Amino acid sequence: MKKSASFFSAEAEKKDAFCKQVLEIMTKQRKWQYVGLLYISPWLIGFMVLTLYPFLASVYYSFTDYSMVREANFVGVKNYVDMFTKDPDFYQALHVTFLYVLIAVPGKLIIALFIAMIMNIRLRGIHFFRTVYYLPSILGGSVAVAVLWRFLFMRDGLVNNVLSLFGIPPADWLGSPDYALFTIALLPIWEFGSSMVIFLAGLKQIPGELYEAAKVDGSSRVRTFFSITLPLLTPVILFNLVMQTINAFQQFTAAFVVTNGGPAKATYLYGLLLYNNAFKFFKMGYASALSWVLFGIIFIITLILFKSSNRWVYYADGGERR
Amino acid sequence: MNPRRRTRNIVTFLFLSAFGVLFIYPLIWMFFASVKPNEEIFATLRLWPSEFVWESYVRGWLGVGRYNFGHFFTNTFILVVPVVVLTAVSSLFVAYGFARFRFPLKGPLFALMISTLMLPDAVVIIPRYILFREFGWLNTYQPFYMPALLAVNAFFVFLLVQFFRGIPRDLDEAAVMDGCNSFSVLTRVLLPLTMPAVISVCIFQFIWTWNEFFNALIYINSVSKYPVSLGLRMTMDNEGLVKWNEIMAMSVVSILPLVAVFFLAQRHFVEGIATTGLKS
């Protein structure tokens with residue numbers, strides 16, 4: 001009797017100790033490591049002060065007539081109404097910006113994908129080409145390149161000189177409203193290298209067995225491209241498409257330095273419209289409203305791209321994204 | 001190598017070369033135009049100058065106003081170097097926090113940070129400007145230093161977080177056993193391993209800040225504080241239609257540091273990419 005009691009109590013003690021241990025491990029796991037908050041605190045402060053506050057403040061400003069010299073007065077939706085009813089520049093900027101995005105983004109991505117496909121072979125010296133093609137991406141945002149663009153596409157500039165060799169009559173690339181936007185859009189296309197590198201990384205991820213199998217099945221090269229390469233590359237295409245579209249809608253430097261919106265506002269991109277209203281006319285309230293419309297446009301287009309991605313983006317893990 | 005594959009490689013090689021020349025030719029042309037006599041730049045298609053006029057560099061360097069390009073370059077370095085250092089340090093800390101610790105709201109905060117990658121700058125730029133104006137930071141470099149100090153560009157944090165995730169936690173735990181605290185785990189154990197990624201961060205930030213134009217345009221308004229980008233545009237607007245070779249010369253000089261960094265850092269680029277590639 002005594003013996004069994006001690007047996008039981010020993011058992012219970014053992015169980016107790018075990019439970020304690022489990023509990024200890026669990027609480028240890030659960031324990032927050034508050035020091036992590038300390039490490040991320042720079043970002044946390046930066047986010048609050050330099051992103052979240054400005055983000056919310058710009059909603060407020062967009063409903064005021066704030067102009068830096070006077071106090072802000074609440075004007076309701078006047079800025080938004082004015083934009084659509086009284087500002088012809090707004091429509092011009094929208095029109096030109098959409099055109100610009102439609103030329104620059106597909107142009108850049110198609111060339112980037114094309115060159116990446118060609119470069120995705122084992123060939124000596126291929127790294128050299130990667131370097132050469134990447135170089136414009138590094139220089140692209142600089143004023144120096146914008147200056148260069150102005151000289152290249154001048155009436156008697158290099159481009160017209162080369163074209164005349166082939167008997168093509170010179171065009172006024174920057175002076176004519178028909179060509180100027182296209183000339184500006186060539187600049188981001190010239191910088192296709194960064195997208196190309198991302199495509200190349202994507203191409204390297206495609207398992208070689210798939211190509212072997214296609215070869216065994218006697219699939220043609222065109223067929224292989226459309227049935228294997230392109231579907232497996234769609235996630236990378238989506239990524240590039242989204243990032244490039246967001247950037248293209250906000251283009252500023254090229255249009256500002258090369259043409260300053262002209263001729264006849266043919267290159268008056270939305271970024272320029274925003275800059276002029278905010279920092280030239282100091283119509284901060286109106287400019288904030290303009291920035292929210294741009295944000296809305298970018299947001300909707302990004303959303304459409306993501307929503308539609310269910311239909312055209314192939315996910316190797318079966319399509320369930322989290 | 002069979003003959004068919006060989007022809008294909010040769011064709012590919014030729015195509016890539018031709019395409020490369022097409023894309024790089026403007027830059028080559030810019031260099032040669034900068035040493036041509038002024039009247040020759042647009043008169044002839046010939047690339048090689050009839051005589052080399054290095055004088056364009058000397059005269060271009062002197063600039064148009066009271067300040068020469070030496071002054072603009074000094075400004076650019078005063079602007080860029082702290083921004084690069086601050087970005088690297090702050091992003092490293094923040095990435096370490098996100099990659100290695102459990103704290104309340106970590107998931108949502110990380111998602112929030114990633115979402116700022118896609119937030120158009122246009123929507124925060126105006127209130128940010130008004131805020132910096134309140135602080136009295138207009139016409140100083142604070143609007144560049146502060147965002148760098150506070151790791152506002154999530155791209156760099158994300159890049160480093162990805163890199164940290166590839167480093168086994170066993171290393172941290174072993175270091176803790178040996179008596180390291182969380183700070184010395186970062187500086188003594190993880191930092192040496194993350195160096196390739198940190199260098200990538202520095203290179204990207206160097207290039208982006210060097211090219212920075214829009215923020216310089218809105219925040220800096222006295223010529224004495226102009227970085228090269230603004231100085232170059234000012235020269236262009238004043239004399240752009242006359243002294244072409246001088247403008248070209250200064251354009252060449254202004255992109256030289258970028259080209260130098262790019263070629264010097266090639267190895268680090270490749271190493272960084274290779275390491276992360278192996279991990280995934």
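**Helix α14 of chain A**

I looked up helix α14 of chain A, residues 284–312, in this predicted model. I count helices as DSSP runs of H or I with at least four residues, and strands as runs of E with at least two, numbered from the N terminus. Helix α14(A) has 29 residues and reaches 41 Å from its first C-alpha to its last. That is close to the 42 Å expected at 1.5 Å a residue, the expected span being 1.5 Å times one less than the number of residues.

I then listed its buried residues (buried: 20 or more other C-beta atoms within 10 Å of the residue's own; exposed: 12 or fewer; partly exposed: in between; C-beta atoms placed from the backbone). Among them are M284(A), Y286(A), L290(A), W292(A), L294(A) and I298(A). The buried residues of α14(A) pack against α2, α3, α11 (221–249) and α13 of chain A, together with α5 (122–134) of chain B.

**Conventions**

I number residues from 1 along each chain as its sequence is written, and chains are lettered from A and ligands numbered from 1 in the order in which they are written. As the model is predicted, local features need pLDDT of at least 70 and side-chain atom pairs count only at pLDDT 80 or more, while totals for chains, interfaces and linings use all residues.

**Chain A overall**

I find 14 helices and zero strands in chain A. Of its 322 residues, 35% count as buried. Of the contacts in chain A with a separation of 6 or more, 69% join residues 24 or more positions apart.

**The contact of chain A with chain B**

I find 60 residues from chain A and 60 residues from chain B in this contact. On the side of chain A, the elements giving two or more residues include α2, α12, α13 and α14. The largest share, 16 residues, comes from α2(A). By class, this side has 44 nonpolar, 15 polar and one charged residues (nonpolar: Ala, Val, Leu, Ile, Met, Phe, Trp, Tyr, Cys and Pro; charged: Asp, Glu, Lys and Arg; polar: the others, Gly among them).

**Core**

Of its 142 residues, V147(A), A95(B), V157(B) and L160(B) touch the most other members. Helix α3 of chain B, residues 69–100, gives the largest share, 15 residues. Leaving aside neighbours within four places in sequence, A95(B) is in contact with V157(B), L160(B), V161(B) and F164(B).

**Domains**

Domain bounds come from an automatic or database domain assignment. Chain B is divided into domain 1 (3–54) and domain 2 (58–279), with C-alpha centres 32 Å apart. The contact between the two domains of chain B takes eight residues from domain 1 and seven residues from domain 2. I class the domain 1 side as five nonpolar, two polar and one charged residues.

**Positive phi**

M68(A) has a positive phi of about 75° although it is not a glycine. I place M68(A) in the loop between α2 (35–62) and α3 (78–86) of chain A. M68(A) counts as partly exposed because it has 13 C-beta neighbours inside 10 Å.

N260(A), also a residue other than glycine, has a positive phi near 50°. I place N260(A) in the loop between α12 (253–259) and α13 (270–280) of chain A. N260(A) has 13 C-beta neighbours inside 10 Å, so it counts as partly exposed.

Notes
A nonpolar core is a set of buried Ala, Val, Leu, Ile, Met, Phe, Trp, Tyr and Cys residues joined through C-beta atoms within 7 Å.
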